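Here is a short report on salt bridges. Look at the charged side chains as you read.

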Amino acid sequence: MIYLDAAATAPVRREVLEEMWPILTSTFGNPSSHHAIGEAAARAFEDARRRIASLLGCRPGEIIFTSGGTEANNLALKGMALARPRGRHIVTSTIEHPAVTEVLAYLREFHGFRITAVPVTPAGVVTPEAVAAVLERDTTLCTVMYANNEVGTVQDVAALAEVCRRSGVPFHTDAVQAAGWCSLDVDRLGLTALSISGHKLGTPKGIGALYLRAGTPCEAVLHGGGQERGRRSGTENVAGAVGLARALELARAALPEAADEAGRGWDALAAGVLDGLPEAVVTGHTGQSGHSGTRLPNLMSFCFPGVSGEAVLLELERRGIVCSSGSACAAGSSEPSAVLLALGLDAETALSAVRLSWTRDVRSGDLAAVADAVVSSVRAVRGLGVAPRGTTLTDA
């Protein structure tokens with residue numbers, strides 16, 4: 001089997017588990033407990049915070065541990081919006097993850113915020129000019145994801161953050177998909193807040209972190225024992241924090257070589273599929289896919305007009321290749337991807353989407369072989385006359 005759904009979750013890395021193991025077996029105390037085992041756990045927890053802060057170029061006190069990217073986004077957006085907000089207007093994009101869009105819907109419905117979603121280019125790019133055009137004197141905050149989880153487009157978040165800074169607007173980015181492949185230097189990027197999640201990097205599920213610039217007002221979302229300086233109550237996941245620090249260190253050490261190799265795989269996959277299926281559509285940005293490129297080097301999304309994307313997925317799995325049709329959070333939905341619609345694709349074409357995403361262990365030669373399997377799978381499905389939902393076989 002070749003696993004090509006890393007954008008949904010990555011396999012746990014052995015090095016991460018090995019570093020977590022002592023915390024799970026011997027240093028298992030509650031960090032709030034005032035005895036030897038609890039104090040040892042607290043030291044390991046704060047050491048993980050220092051390591052992550054060093055990687056992000058910030059102070060340890062600016063790192064808040066969470067249960068994952070969704071909670072980090074909730075804390076950032078609800079926390080900043082409800083803590084002495086400047087107005088009730090939030091700017092975002094039309095291609096955000098549900099962990100952002102649903103939070104904004106909540107703020108609109110229950111707290112009266114106005115939400116402005118900036119349109120994207122056909123490549124999925126949010127331009128600084130588009131953001132600048134909708135900022136208002138009392139805009140509360142702006143949130144735009146760093147790298148899209150469905151099509152891989154990487155935003156110039158530094159430019160977007162600078163536009164917001166000039167208007168005095170806090171800027172948050174969901175960096176869950178970007179972590180491990182793009183720079184997370186929060187000072188250079190000029191960010192107010194940044195969300196990451198461990199399981200995309202090789203930790204077990206259940207750990208994430210929010211960078212929140214010192215001095216930024218933020219209302220707590222979880223209340224209880226006052227952990228994380230009162231910003232996120234709940235007994236701390238010490239082993240998860242240690243694992244996240246290790247996973248981020250491993251990812252940093254592998255750059256830029258890993259990104260360049262993944263980018264060569266992206267090129268091989270694109271060339272092979274388009275050679276066999278010239279009608280296929282590559283969604284998202286098709287520019288540089290290596291380190292510091294305009295798209296993630298390890299994610300590629302195709303649409304195959306007239307063919308059911310779900311049927312292609314089943315055919316690929318039969319051939320030993322596991323992938324997806326888009327965001328795992330929308331799996332099973334009968335609706336076309338909102339991200340693909342925002343890029344200008346019609347609903348029928350959006351329902352033909354297939355997303356392939358891989359870890360550093362997948363080599364460019366493997367992806368050249370995958371391209372052949374994709375071509376064969378699409379041809380097999382087309383031969384069966386399996387059309388996307390909402391179309392007829394004659395339409396297909």
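Glutamate 162 is partly exposed, at 28% relative accessibility. Here buried means under 20% relative accessible area, exposed means over 50%, and partly exposed lies in between (1.4 Å probe, protein chains only). This is a predicted model: local features need pLDDT of at least 70, side-chain atom pairs count only at pLDDT 80 or more, and totals for chains, interfaces and linings use all residues. Residues are numbered from 1 along each chain as its sequence is written, and side-chain values use heavy atoms, with hydrogens and water left out.

Glutamate 162 pairs with arginine 166 in a salt bridge. The term means a side-chain nitrogen of Lys or Arg within 4 Å of a carboxyl oxygen of Asp or Glu. Arginine 166 is exposed, at 57% relative accessibility. Both residues sit in helix α6 (residues 157-166), four residues apart, so about one helical turn separates them. Helices (H or I, at least four residues) are DSSP runs, as are strands (E, at least two), numbered from the N terminus.

The whole structure holds 21 salt bridges. Three of them are listed here.

| Pair | N to O distance |
|---|---|
| Arginine 166 and glutamate 162 | 3.5 Å |
| Glutamate 261 and arginine 363 | 3.7 Å |
| Arginine 319 and glutamate 315 | 3.1 Å |

Glutamate 261 and arginine 363 link distant parts of the chain, 102 residues apart. Glutamate 261 lies in helix α9 (residues 257-276) and is buried, at 11%. Arginine 363 lies in the loop between β12 (353-357) and α13 (364-384). Arginine 363 is partly exposed, at 44%.

In the remaining pair, glutamate 315 is buried at 12%, whereas arginine 319 is partly exposed at 37%.
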